[in-house]
Amino acid sequence: MLLIAEMRLSKSPPSISYISFLALYIFSYTITPVSSNYLQEDFIKCLHRNTHVNFPLEKTFFTPEKNASTFINVLEATAQNYRFLTKATPKPTFIFKPVHESHVQASVICSKKLGIHLRVRSGGHDFEAVSYVSQIETPFVLLDLSKLRQINVDIEENSAWVQAGATLGEVYYRIAEKSKIHGFPAGLCSTVGVGGYITGGGYGALMRKYGLAADNVLDAKIVDANGKLLDRSSMGEDMFWAIRGGGGGSFGIILAWKLKLVPVPETLTIFSVTKTLEQDPDLKTLSKWQHIADKLLVEDLFLRVMFRVAGDKTLTLEYKGQFLGEKGTLMEVMKKYFPELGLTQEDCIEVSWIESVLANAGFPIDSPLEVLLDPKLSPYVKVYFKGKSDFATEPIPPFGLKGMFKKLVEENTSSMFMIPYGGMMAKIPESETPFAHRKGTILKIHYATNSTSEDGISLNKRTKWIREMYSYMTPYVSSNPRLAYVNYRDLDLGTNTKDSKANFIKAQTWGAQYFKNNFNRLVKIKTKVDPENFFRHEQSIPSLPFSKRLRSW
Ligand SMILES: Cc1cc2nc3c(=O)[nH]c(=O)nc-3n(C[C@H](O)[C@H](O)[C@H](O)COP(=O)(O)OP(=O)(O)OC[C@H]3O[C@@H](n4cnc5c(N)ncnc54)[C@H](O)[C@@H]3O)c2cc1C
């Protein structure tokens, strides 16, 4: 910004006095915003100097000045949270959609040169929208990777190269296109972007068998803070460690991940059993689930519980399961370990892995697989959304659960679910990747309020509700620090500002919540690979302030 202001000032007539020059300087820097046209022009000129691959302007650059409705359409296309799509939300000065990897490199070089603050978006599912909204620094520019979505599956090698702009649904589809017995352990919702998802760890229905998506990454291509294109060997093991769970938007721009495919059986079994509170008044079933979900139940079984409030305040508990095997074997497992659920043969459906993917993503299992390719067909509608997370290391006692349900039914737009840990998650050491929620974690809790309409009053009410719920849960979840999942980003935990020293101090609190002791290593790596903190947002990993650098190395 300063640099651009200086460039424009250099065209001022030479005859003006020093004082008027100074006045003009201050005026133009502090009051007159640099026109987005100038910013974009300079950026485009710079891009041309730094890439040999053409980028048709009408398909790659979007500004409100050129076409306001197209700009809004592009901005909102993958943005998942209406809470950040209001008129008052800060908007990018322009959006650039690279069509070649060299455009991403050039974007970093040019943003750095022109002093542009960049936000990077792959699938747009960030809970707090830090990929497409900057609350702390304006102006900013949005680099949208949605045109970089190529997927190459190599069944012989059990691997796939996937560009950051692809969705999980596309990854699943392309794997299933080539094999019925290969899969990838990734998320439940098919529209989530591969780019951001893996940077935060990435859990899904195969996590108890194979761990997180980030645990199954073989290689990556990334553009660093100098615009250099690196792979695993050239970035080094420190940076490769940091990008697999240390959160998005901190270390560089991931262009592609190389995924390790995992074996899946030809037949899986999925089921769903719904109970009302009246059917489980003493919460015996839920209590038993908490005691066995991470321990006794075999790794082949992923059994989550979703809590929902109907309009008449009726609460339902849905036990949703996926088993890597046939119905008969599942019935034996359930009879032995969890008869309280009352699972019957009729509740179970045998499916292929890709059909289980459809079911997890909320589609009917007989849907054409192509629904996985089109995010617009997803059953999950965009909402005004606020989410939070917790991890529990002890089962929550029945009286705690009862209070939790009492609070849950207070808010019609609320939803909650619990995800079982254990299995492979408990076998991977805490420091293997930045994702530290491993042995000892029995479950993760997700709290949300989702509303299809919004006014200031209901937003305040819902925000108050979710914070109160979070506060109510304090005695029942992890503490010192109270842990959270970075992919369920929650700015209530703390945010960065422009002051790097203050950031580092404040970030130690939320950093430990997301990453435990791994946070310190993340900061060291960040300081090494991006000392100027080029990649930054409200909750990016801060670089060490200069005063602390020498002492810490
Ligand atoms: C409806 C819904 C369902 C979800 N389901 C699951 C689930 O089943 N399992 C799970 O683990 N999580 C789930 N999530 C959370 C999701 O994993 C995170 O929000 C994730 O960060 C989204 O990635 P994205 O690319 O879609 O998001 P974006 O908003 O594009 O990016 C998220 C973050 O990553 C950064 N980033 C994006 N692209 C890149 C890149 N190429 N290089 C570096 N940084 C980048 C962004 O700057 C931002 O900080 C879900 C979220 C939603 C809204």
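This is a predicted model: local features need pLDDT of at least 70, side-chain atom pairs count only at pLDDT 80 or more; totals for chains, interfaces and linings use all residues.
Where does Glu 128 lie relative to strand 3 and strand 4?

View 1. Glu 128 is found in the loop between strand 3 (117-121) and strand 4 (140-144). Its relative accessibility is 5%, so Glu 128 counts as buried. Leaving out residues up to four places away in sequence, Glu 128 touches Arg 83, Phe 84, Lys 386, Arg 489, Asp 490 and Leu 491.

**View 2. Residues around the ligand.** The ligand is surrounded by 31 residues, and the closest are Ser 122, Ser 131, Gly 193, Ile 254 and Tyr 485. An N or O atom in the side chain of Tyr 485 is 2.6 Å from an oxygen atom of the ligand. For Asp 126, a backbone N or O atom lies 2.9 Å from a ligand oxygen atom.

**View 3. Helix 13 (residues 353-360) and the elements that cover it.** Helix 13 is largely enclosed by the rest of the structure, because 7 of its 8 residues are buried. The buried residues are Trp 353, Ile 354, Ser 356, Val 357, Leu 358, Ala 359 and Asn 360. Their cover includes helix 7 (168-178) and strand 7 (182-183). It also includes strand 12 (268-276), strand 13 (301-309), strand 14 (315-323) and strand 15 (348-351). Gly 362, which follows helix 13, has a positive phi, near 90°.

**View 4. Packing of helix 14 (residues 398-408) with helix 16 (residues 456-472).** The two helices pack at an angle of about 175°, and their axes are 10 Å apart. Angles over 145 degrees count as roughly antiparallel, and helix 14 and helix 16 are therefore roughly antiparallel to each other. Helix 14 contributes Phe 399, Gly 400, Gly 403, Met 404, Lys 407 and Leu 408 to the contact, and helix 16 contributes Trp 465, Glu 468, Met 469 and Tyr 472. These contact residues comprise 6 nonpolar, 2 polar and 2 charged.

View 5. Lys 516 lies in the loop between helix 17 (500-515) and helix 18 (518-529). With 21% relative accessibility, Lys 516 counts as partly exposed. Glu 430 is 86 residues from Lys 516 along the chain, and the C-alpha atoms of the two residues are separated by 8.8 Å. Their side chains make a polar contact (3.0 Å).

Notes: Residues are numbered from 1 along each chain as its sequence is written. Side-chain values use heavy atoms; hydrogens and water are left out. Axes are lines fitted to C-alpha atoms, for helices over the stretch in contact, and angles run from 0 to 180 degrees between N-to-C directions. Helices (H or I, at least four residues) and strands (E, at least two) are DSSP runs, numbered from the N terminus. Angles under 35 degrees count as roughly parallel, over 145 as roughly antiparallel, 65 to 115 as roughly perpendicular and the rest as oblique. Contact means heavy atoms within 4.5 Å. Ala, Val, Leu, Ile, Met, Phe, Trp, Tyr, Cys and Pro count as nonpolar, Asp, Glu, Lys and Arg as charged, and the others, Gly among them, as polar. Buried means under 20% relative accessible area, exposed over 50%, partly exposed in between (1.4 Å probe, protein chains only). A residue is near a molecule or strand if one of its heavy atoms lies within 4 Å of it. A polar contact is a pair of N or O atoms within 3.5 Å; within protein, one must be able to donate a hydrogen and the other to accept it, and residues adjacent in sequence count only if both atoms are side-chain atoms.
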